[in-house]
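Subject: Structure handover

Hello,

Here is the structure I promised to pass on. Please look at it alongside the notes below.

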Amino acid sequence: MKFSIILAFTIFFTSCELFHPDPQIPSVPMIYFDFNENNTSSGIEDFKTFGNQNLSYKPGIKDSCLDLSITSRSRKPVIIKTKGDLMLEHQPQMAVMVWVKQKLNDLETYGIIGNKSIDASHEKGWIISTTPKGAWKLQLSDGLQNWEYTATPSRQRINDGKWHQLGFYINKDENMTYTYFDGQPVGILNMQNFTNFEADYHLHIGCNPGSNDYSKDAFNGMIDEIGIWSKPLSHEDFKNAYLCLKKEKLPSTEYAGETFKVLTWNIWNGGKQMGKTAGINQIVNVIKKSGADIVSLQEDFGAGQYISDKLGFTYYKCSENLSLLSRFPISKTHQIFRPLNIGIVQLLLKENDPILICPIWLSFTPNIKGMLANPEANQDTIINIEEKSRGSEVRFILSELKKFSTQIESGSIILAGDFNSGSHLDWTADNINNKYNKVIPFPTSILLEENNYTDAYRQIWPGNLKKQGNTYSPIFKEGYNDRIDFVYYKGTTIEAIDASVIDKTDSFFPSDHAALLITFKRKQK
């Protein structure tokens with residue numbers, strides 16, 4: 001009996017070791033500096049280091065680290081001869097990890113690691129730097145286009161005197177860059193049509209590459225365990241690299257329960273139209289109160305990064321205009337049509353339960369609001385204008401969505417956004433008194449219906465007399481009013497069970513569009 005118990009425990013603990021090995025730093029880096037009393041790279045590529053090698057070291061995240069703080073005897077950045085070699089033209093995937101410990105409450109802007117100058121949009125390359133608010137940011141450029149992820153201190157503060165892992169992974173084949181903070185994915189940038197990052201500078205560690213005075217502009221703190229890889233790295237790789245060195249428990253992954261909520265909202269000029277601070281914080285308050293799990297934003301204009309940090313969500317930036325925030329893991333992204341108008345995000349409601357979510361925005365021009373409200377306007381003229389503009393955009397989108405038909409048939413897809421167009425389900429004969437005495441068969445909504453997409457709001461509220469559902473405009477109530485923001489869905493794994501329009505708060509309302517909130521129930525496969 002005793003032998004059986006011992007054997008059982010032996011098998012149990014052995015199997016734990018086999019199936020739960022200690023987390024490791026990813027293997028085969030191109031460059032790896034552990035700064036263990038030297039600045040020699042243990043990576044597979046032999047990149048030379050410039051200048052005087054008499055650097056200062058202090059205890060770091062693991063052993064010793066590069067010391068650029070007030071205790072340093074030699075505040076010198078490290079410059080690696082990489083210009084012309086460290087390019088995505090040569091490496092279709094590239095990942096960077098770095099550990100930093102910034103001086104407590106320092107609000108200066110410093111370069112941490114990179115090969116282009118901070119805020120220099122004309123320069124090619126990438127740079128991780130600090131921000132004047134105590135967080136960090138990543139900037140990338142191919143000399144023609146620029147991309148930026150700016151973290152906020154509400155979630156990603158680094159000037160707290162503690163060690164933090166920062167990183168990013170570029171996948172040129174997918175045209176995406178993923179950003180990471182302390183072992184967790186925090187942002188995704190759509191980088192459609194970028195070429196490569198042939199840098200204008202060599203790799204600089206601990207300063208802004210474009211600085212005229214490296215000692216003056218050197219990072220105020222400590223830097224450690226820098227790795228650069230030319231291979232794909234996963235979310236799990238960044239997580240394991242964090243746990244390997246920090247050994248702190250990370251928050252568990254959030255998945256959907258039996259129901260989940262999708263909110264779409266045009267937040268009006270980046271949420272700041274009603275106040276640069278008050279406006280955007282009111283946007284956050286409304287979203288939090290709604291309990292939304294997935295948020296499609298239009299007129300993002302950089303606000304989504306702030307909002308996602310406030311919510312603790314992952315941020316996907318499709319374009320300056322369009323983004324998606326998710327409580328649930330983002331496993332993949334796709335791009336169809338134009339990033340200004342639509343993106344595709346694959347979320348995991350459960351570990352093996354993916355769903356496609358598409359933030360969407362159709363063109364606001366030509367603006368026919370005046371024509372719709374004009375009793376003399378011709379119906380055929382309105383339909384013709386809609387058909388050639390927003391109707392045409394929907395045709396292209398539906399055509400390109402066909403490549404996902406297999407996934408949609410076995411799962412579900414949601415389109416959520418500002419369509420800048422009405423619906424044939426609202427502009428009906430029995431609702432003519434609320435629709436400027438017009439019956440309009442809008443091509444956008446008809447096309448979606450013909451392709452088996454369900455209007456979630458009208459499914460829950462099938463009439464249109466009692467529940468108009470107008471989303472434009474909670475502020476300009478005396479002018480044109482209509483339902484132009486929609487959530488459509490298609491598939492076998494979800495069903496809409498509730499719908500509401502959010503158009504008021506206890507104080508001011510922060511947007512000219514109402515938010516639309518849909519509750520979905522997950523169906524058993």
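The notes below go through the annotated domain, the sheets, the cores, a helix pair and some backbone details. Please keep in mind that this is a predicted model.

Annotated domain

An unreviewed UniProt entry lists residues 263-513 as "domain: Endonuclease/exonuclease/phosphatase". In the model, that span is 27% helix and 25% strand, and its end C-alpha atoms lie 13 Å apart.

Sheets

An open sheet of six strands runs in the order β19-β20-β21-β22-β24-β23, with mixed pairing. The edge positions are taken by β19 (330-334) and β23, and each has a single partner strand, so one side of each has no neighbour in the sheet. For β19 the pairing with β20 (residues 344-350) is antiparallel and has four bridges. Within that pairing, histidine 334 is opposite isoleucine 344 of β20.

Elsewhere in the chain, strand β6 (residues 111-114) pairs with two strands that I looked at. With β7 (residues 124-130) the pairing is antiparallel, over three bridges. With β13 (residues 203-205) the pairing is also antiparallel, over two bridges. Isoleucine 113 takes part in both: its bridge partner in β7 is isoleucine 128, and its bridge partner in β13 is isoleucine 205.

Cores

Which residues touch the most other members of the largest nonpolar core? They are Ile112, Ile128, Leu140, Ile205 and Ile307, in a core of 65 residues. Helix α5 (residues 278-290) gives the largest share of this core, with five residues. A second, separate core has 40 residues, including Ile188, Val262, Ile494 and Phe520.

Isoleucine 205 deserves a look in the viewer. Apart from neighbours within four places in sequence, isoleucine 205 contacts Phe33, Phe35, Leu66, Pro77, Val78, Ile80, Ile112, Ile113, Ile223 and Ile226.

Glutamine 298 is in strand β16. Is this residue buried or exposed? Its relative accessibility is 0%, so glutamine 298 counts as buried. Neighbours within four places in sequence aside, the contacts of glutamine 298 are Thr264, Trp265, Asn266, Ile267, Asn321, Leu322, Ile360, Trp361, Ala416, Gly417, Asp418 and Asp485.

Isoleucine 440 sits in the loop between β22 (412-418) and α11. Although this residue is in a loop, isoleucine 440 is buried, with a relative accessible area of 1%. With neighbours within four places in sequence left out, isoleucine 440 contacts Leu372, Gln379, Ile382, Ile383, Ser423, His424 and Trp427. Between isoleucine 440 and isoleucine 205 there are 61 Å from C-alpha to C-alpha, and the two are 235 residues apart along the chain.

Helix pair

Helix α8 (residues 379-388) packs against helix α9 (residues 390-401) at an angle of about 35 degrees, and their axes are 3 Å apart. On the α8 side the contact has Glu386, Glu387 and Lys388; on the α9 side it has Arg390, Gly391, Ser392 and Arg395. By type, the residues of this contact are five charged, two polar and no nonpolar.

Backbone details

Where are the cis peptide bonds to check? One runs from threonine 365 to proline 366, with omega near -5 degrees. Proline 366 is in the loop between β21 (353-361) and α7 (369-373). Another cis bond runs from tyrosine 472 to serine 473, with omega near 5 degrees. Serine 473 belongs to the loop between α12 (456-460) and β24 (485-491).

Two non-glycine residues with positive phi are also on my list. Phenylalanine 301 has a phi of about 50 degrees and lies in the loop between β16 (294-298) and α6 (303-311). This phenylalanine 301 is partly exposed, at a relative accessible area of 43%. Asparagine 452 has a positive phi of about 70 degrees, and its loop is the one between α11 (443-450) and β23 (454-455). Asparagine 452 counts as exposed, at 57% relative accessibility.

Regards

Technical notes. Residues are numbered from 1 along each chain as its sequence is written. This is a predicted model: local features need pLDDT of at least 70, side-chain atom pairs count only at pLDDT 80 or more; totals for chains, interfaces and linings use all residues. Side-chain values use heavy atoms; hydrogens and water are left out. Buried means under 20% relative accessible area, exposed over 50%, partly exposed in between (1.4 Å probe, protein chains only). Two strands pair if DSSP finds at least two bridges between them. UniProt positions are given in the numbering used here, feature names are shortened, and annotations may be inferred rather than shown by experiment. A nonpolar core is a set of buried Ala, Val, Leu, Ile, Met, Phe, Trp, Tyr and Cys residues joined through side-chain atoms within 4.5 Å. Contact means heavy atoms within 4.5 Å. Axes are lines fitted to C-alpha atoms, for helices over the stretch in contact, and angles run from 0 to 180 degrees between N-to-C directions. Ala, Val, Leu, Ile, Met, Phe, Trp, Tyr, Cys and Pro count as nonpolar, Asp, Glu, Lys and Arg as charged, and the others, Gly among them, as polar.
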